[in-house]
2 protein chains.
Amino acid sequence: MSTVSERPPSLADVARVAGVSPSTASKALNDRTDVKRATKERVVRIARELGYSPNPVARALSQGPTGTVGVVTSDLEGRFALPMLMGVEDALGADRVLTFLCDARGDDMREARLVQTLLERRVDGIIIVGRQPDPRPSLGRLSVPVVYAYSESDDPLDTSITVDNTDVGRRAAEHLLSLGRTRIAHISGEPDHSASVRRLEGFQAALDAASVEMAGPPLFGNWSEGWGRAAMGRALSEAPDLDAVFCASDQIARGAIDALHDRGIGIPDQIAVIGVDNWQVLAENARVPLSTVDLQLKRLGRVAAARLMAAMAGRPAPGLEQLGSRVCARQSTIPLR
Amino acid sequence: MSTVSERPPSLADVARVAGVSPSTASKALNDRTDVKRATKERVVRIARELGYSPNPVARALSQGPTGTVGVVTSDLEGRFALPMLMGVEDALGADRVLTFLCDARGDDMREARLVQTLLERRVDGIIIVGRQPDPRPSLGRLSVPVVYAYSESDDPLDTSITVDNTDVGRRAAEHLLSLGRTRIAHISGEPDHSASVRRLEGFQAALDAASVEMAGPPLFGNWSEGWGRAAMGRALSEAPDLDAVFCASDQIARGAIDALHDRGIGIPDQIAVIGVDNWQVLAENARVPLSTVDLQLKRLGRVAAARLMAAMAGRPAPGLEQLGSRVCARQSTIPLR
DNA sequence: CTGAAAGCGCTTACAG
DNA sequence: CTGAAAGCGCTTACAG
């Protein structure tokens, strides 16, 4: 237990001890030109000795940028926001720029209020993290830059960073094809989510390119394990000679694995299974560890933060940027030797 | 798309339009005494008309509190921090107090740096969210109040809010006993986690109180599904006449359910299963929806924030506060009629 | 009941 | 190269 510090040393304290004016001390500490080398070194040394750290509140008041950004999410319950948050933190450098995290709870009014509050707090920028990869209404022009992550803004002049879901479908297909599988079914999620639609498109395109036909029609339902269990049964009756299944989420894939297991069907020797998300706790702990397309959400967070910083520095990059994904292969597609 | 606003109106602007001095305007807006009623109303009206909102940065500089708190977590990957964060946000009121969220990534050095950064930012208080319910080193006395949530501080003079894990074990046992089960096994997690130890204690105590003997020795391993699957088999050979099993986490319980399912054992008619965490995506989607002891982490977050606000208001409550849990019954213990 | 003045801690033209 | 002065936007004794 250290003792309670009095008042933390101010610039004025440093200046007094160093025997210079506050203005000079400020310049010395901020690497401004026109400070004698010796003076600068002395000030810096004394600042360190005194344990001086500039008061960001005061600095913000006089200087402009506050060194804070706001992150508004709607998915704190879910698992998508977290990896993105970590990426944002990485890119921002938690020591330099701090993030205000606010959860809109899926309420548009609440979101508007939060954005307003962040603006009042004079954040330097805002990242809006969506919860579905579907377009969402733009916030319009604000007094600070805004970047939309995961869900794109419906205004093409805004900066949006999302997952390229056709790429997801394509990679899943190519992975299975590369293993020699040709009787591939597809179990998807909600039919009206763009994630479902785009993943199917990419999947279909890759099959087409390989002149392989999909085994049975794509099955749409929801994103749950229960649906995965049910749909797997249906897929098997549509195409009894299946040798692989592409599930549009890890939860669905977990259900599919259980359904196959119950029928005594070997994974991956008889049927290979691949999911989407790389949600570790689900994928690694499946009875057969699950191969999956990793959305690389942490990277998405990093890119979003990088674009935000660029915009704050006066270099906005309007438009939609879609990030690629990556297959993470485990035993559900690649048997242990 | 609204247009970019010029400079937001300042107090001085409001004062000028209202024909009063900035001091008077400030008092009027802040409900200070000694302002003529009419004056006050005029200032308030004009402030509203101008869309004035006080600059929190300036206010913080002159007044003291910044209206911000820091939350340092180590579990952004995991699922425990999130519900707590939501509780914190609820209690703080996201419109009044904003939270800086920082993830220490399980690195003590990084944690120390983050706390330092938060202090420099002049947060009004700090909440340290742990990732295991084991004691963690105290940060010592800081210049602002600190509350430890989930993991308690090793200094009893700090304010810590945690889950009462003996209560967890007790409730699980009482729930199963109330259903008439008497041959109850226990599959736990890591043997050296206090969560494991305390949950066993509570469980044992409740069995003792009912003069029921535990079915076989408690099984320790880790918190994973894989362990749950393996341990369930072992529990069955230790006590073939089992009629219930208390798993120390939902993940373990999921594994146990799978193992029982594979053996054709009916849940809950033959064996009832209860887990801990109420991690919805796991519990609700199990092939038999999982009964579980809910840790009420959101509430824990709310309580932690409430204690922090009390401390910031000069009413600290040192010591450890352990919060009770609650059984959330689903079909794995209560059969559908 | 109102306002002039000082101050929170820093930065930045501007003079010297 | 250095420092006095003004200012960022607000609050709070203190005088009137």
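With which side chain does the side chain of B:S224 make a polar contact? In this predicted model, in which local features require pLDDT of at least 70, side-chain atom pairs count only at pLDDT 80 or more, and totals for chains, interfaces and linings use all residues, side-chain values rest on heavy atoms, without hydrogens and water. Residues are numbered from 1 along each chain as its sequence is written, while chains are lettered from A and ligands numbered from 1 in the order in which they are written.

The partner is B:N222, whose side chain lies 2.7 Å from that of B:S224. A polar contact is a pair of N or O atoms within 3.5 Å; within protein, one atom must be able to donate a hydrogen and the other to accept it, and residues adjacent in sequence count only if both atoms are side-chain atoms. B:S224 is found in the loop between α8 (194-209) and α9 (225-238) of chain B; helices (H or I, at least four residues) and strands (E, at least two) are DSSP runs numbered from the N terminus. With a relative accessible area of 17%, B:S224 is buried (buried means under 20% relative accessible area, exposed over 50%, and partly exposed in between, with a 1.4 Å probe and protein chains only). Apart from neighbours within four places in sequence, B:S224 is in contact (heavy atoms within 4.5 Å) with A:N285, B:Q251 and B:I252. B:A244 stands 20 residues from B:S224 in sequence and 19 Å from it in space, C-alpha to C-alpha.

Side chains of opposite charge can pair when their charged atoms come close. Over all chains, the structure holds 42 salt bridges, a salt bridge being a side-chain nitrogen of Lys or Arg within 4 Å of a carboxyl oxygen of Asp or Glu. One of these is formed by B:R105 and A:D90, with the closest N and O atoms 2.8 Å apart. This pair joins two chains, because B:R105 lies in the loop between β2 (98-103) and α6 (108-120) of chain B and A:D90 in helix α5 (residues 81-92) of chain A. B:R105 is partly exposed at a relative accessible area of 27%, and A:D90 is likewise partly exposed at 32%. Both residues belong to a network of salt bridges that also links A:E89, A:R302, B:D103 and B:R110.

A further salt bridge connects B:D258 with A:R287, the closest N and O atoms being 3.9 Å apart. This pair crosses between chains, from helix α10 (residues 250-262) of chain B, which holds B:D258, to the loop between α11 (280-283) and β9 (291-294) of chain A, which holds A:R287. Both B:D258 and A:R287 are buried. Within chain B, the side chains of B:D13 and B:R16 meet in a salt bridge with an N to O distance of 3.3 Å. These two residues are separated by about one helical turn, because they are 3 residues apart in helix α1 (residues 11-18) of chain B. B:D13 is buried, with a relative accessible area of 12%, whereas B:R16 is exposed at 58%.

The surroundings of DNA strand C comprise 25 residues, the closest being A:L11, A:S26, B:K27, B:D34 and B:T39; a residue is near a strand if one of its heavy atoms lies within 4 Å of it. Of the atoms of DNA strand C that come within 4 Å of the protein, 64% belong to sugar and phosphate. B:S23 places a polar side-chain atom 2.8 Å from a base nitrogen. Helices α2 (22-29) and α4 (56-63) of chain A, together with α2 (22-29) and α4 (56-63) of chain B, each supply at least two residues of the surface near DNA strand C. The most is given by α4(A), with 4 residues.

The structure also holds 6 aromatic pairs over all chains (rings of Phe, Tyr and Trp, the last by its six-membered ring, pair if their centres lie within 6.5 Å; planes under 30 degrees apart count as stacked, over 60 as edge-to-face and the rest as tilted). A:F80 and A:Y150 are stacked, at 5.2 Å centre to centre and 25° between the planes. Both A:F80 and A:Y150 are buried. A:F100 and B:F100 also form a stacked pair, at 4.1 Å centre to centre and 15° between the planes. A:F100 lies in strand β2 (residues 98-103) of chain A and B:F100 in strand β2 of chain B, so the pair joins two chains. A:F100 and B:F100 are both buried.
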